[in-house]
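Here is a short briefing on one protein model. Please look over the sequence and the structure first, then read the points below.

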Amino acid sequence: MKKQLWKHESFFLLLIFQVQIFCLEDDNQPAAEICSTHTILPGPKGDDGKKGDQGEMGKQGKVGPAGTKGDKGEIGDMGDQGMMGKIGPIGRKGDKGLKGSSGLSGGKGKAGAVCDCGKYRKVVGQLDINVARLKSSIKFVKNVLAGIRETEEKYYYIVQEEKSYKEAFTHCRIRDGILAMPKDEAANAVISDYVSKSGLFRVFIGVNDMEKEGQFMYADRTPLQNYSNWKEGEPQDTSGQEDCVEMLSTGKWNDTECHLTMYFVCEFPKRRE
Ligand SMILES: [Ca+2]
Ligand SMILES: [Ca+2]
């Protein structure tokens with residue numbers, strides 16, 4: 001069926017083609033006149049149609065080129081004050097100013113607190129002690145050089161500083177000596193001569209009954225043995241307070257109160273070679 005239809009259409013188009021060729025091939029007659037007899041050609045142009053409705057709005061055009069620069073505007077109003085700026089870098093040191101006048105004296109300060117700088121305080125304290133000992137030693141040596149007594153076994157030295165019995169005992173002890181202990185007539189004679197020649201009235205010697213009333217002993221804790229040289233009527237232990245012994249310029253002994261202060265005699269053993 002399609003092939004048959006195709007044949008009919010081909011025949012029809014061949015017919016039109018031949019008619020047109022016929023119209024164009026005749027140079028002596030206008031084509032319209034010749035072909036007007038053929039009803040298969042289009043008719044004449046019709047009248048103008050009515051004006052159509054307004055179309056829809058077109059699309060936005062492209063951005064145009066930049067315009068020329070406008071004139072300078074007027075000066076605007078003053079703005080608000082700005083925030084404070086950051087601190088600048090430290091400036092260079094200024095020149096030294098003139099010395100000011102002296103101020104009024106300050107009030108008396110409060111008492112200082114106890115220093116807690118332990119070891120320094122201890123060192124300074126020890127230095128003070130050492131200096132005091134040194135001064136005392138120098139004074140001691142000067143006095144020793146000024147006068148000293150001796151026997152075959154001992155040196156005797158009168159310390160011309162007023163001290164109680166205990167202080168005198170310590171004074172001799174720290175110098176490797178001891179309060180003088182006259183254990184026989186010869187030793188007592190040397191000491192008494194020393195005292196009287198020094199213009200003294202009395203001195204402490206190393207005898208006491210502090211441990212047991214009435215039982216006198218030497219400073220080295222040995223008891224009196226075969227020798228003593230009590231003044232007549234002594235010891236009488238007045239008021240029960242006389243437990244230490246002094247030697248008078250006569251060489252006689254008297255028990256007296258230990259807290260009294262007076263000069264005293266130290267003795268030092270001679271070292272045997
Ligand atoms: Ca006594
Ligand atoms: Ca007495």
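S6 (242–248) and S7 (residues 253–257) pair in the antiparallel sense over five bridges; strands count as paired if DSSP finds at least two bridges between them. Strands are DSSP runs of E of at least two residues, helices are runs of H or I of at least four, and both are numbered from the N terminus. This is a predicted model, in which local features need pLDDT of at least 70 and side-chain atom pairs count only at pLDDT 80 or more, while totals for chains, interfaces and linings use all residues. Residues are numbered from 1 along each chain as its sequence is written, and chains are lettered from A and ligands numbered from 1 in the order in which they are written.

**Strand pairing**
- S6 and S7 form a hairpin with four residues between them.
- Gly251 sits in that turn with a positive phi of about 95°.
- Val245 has Asp255 of S7 as its bridge partner.
- S6 also pairs with S4, in the antiparallel sense, over four bridges.
- There, Val203 has Met247 of S6 as its bridge partner.
- S4 pairs with S5 (residues 217–218) too, antiparallel, over two bridges.

**Strand S4 and Val207**
- Six of the seven residues of S4 are buried (20 or more other C-beta atoms within 10 Å of a residue's own; 12 or fewer is exposed, in between is partly exposed; C-beta atoms are placed from the backbone).
- Val207 lies in S4, which spans residues 202–208.
- Val207 counts as buried because it has 25 C-beta neighbours inside 10 Å.
- The bridge partner of Val207 in S5 is Tyr218.
- Beyond four places in sequence, Val207 is in contact with Phe216, Tyr218, Val245 and Trp253 (contact means C-beta atoms, placed from the backbone, within 7 Å).
- Trp253 is 46 residues from Val207 along the chain, and their C-alpha atoms are separated by 9.4 Å.

**Nonpolar core**
- The largest nonpolar core has 28 residues (a core is a set of buried Ala, Val, Leu, Ile, Met, Phe, Trp, Tyr and Cys residues joined through C-beta atoms within 7 Å).
- Leu179, Ile191, Val203, Phe204, Ile205 and Val265 touch the most other members.
- S2, H4, H5, S4, S6 and S8 each supply at least two residues of this core.
- Contacts of Leu179 beyond four places in sequence include Phe169, Phe204, Ile205 and Val265.

**Whole protein**
- The protein has five helices and eight strands.
- Of its 273 residues, 15% count as buried.
- Among contacts between residues at least 6 apart in sequence, 66% join residues at least 24 apart.

Key: Contact = placed C-beta atoms within 7 Å.
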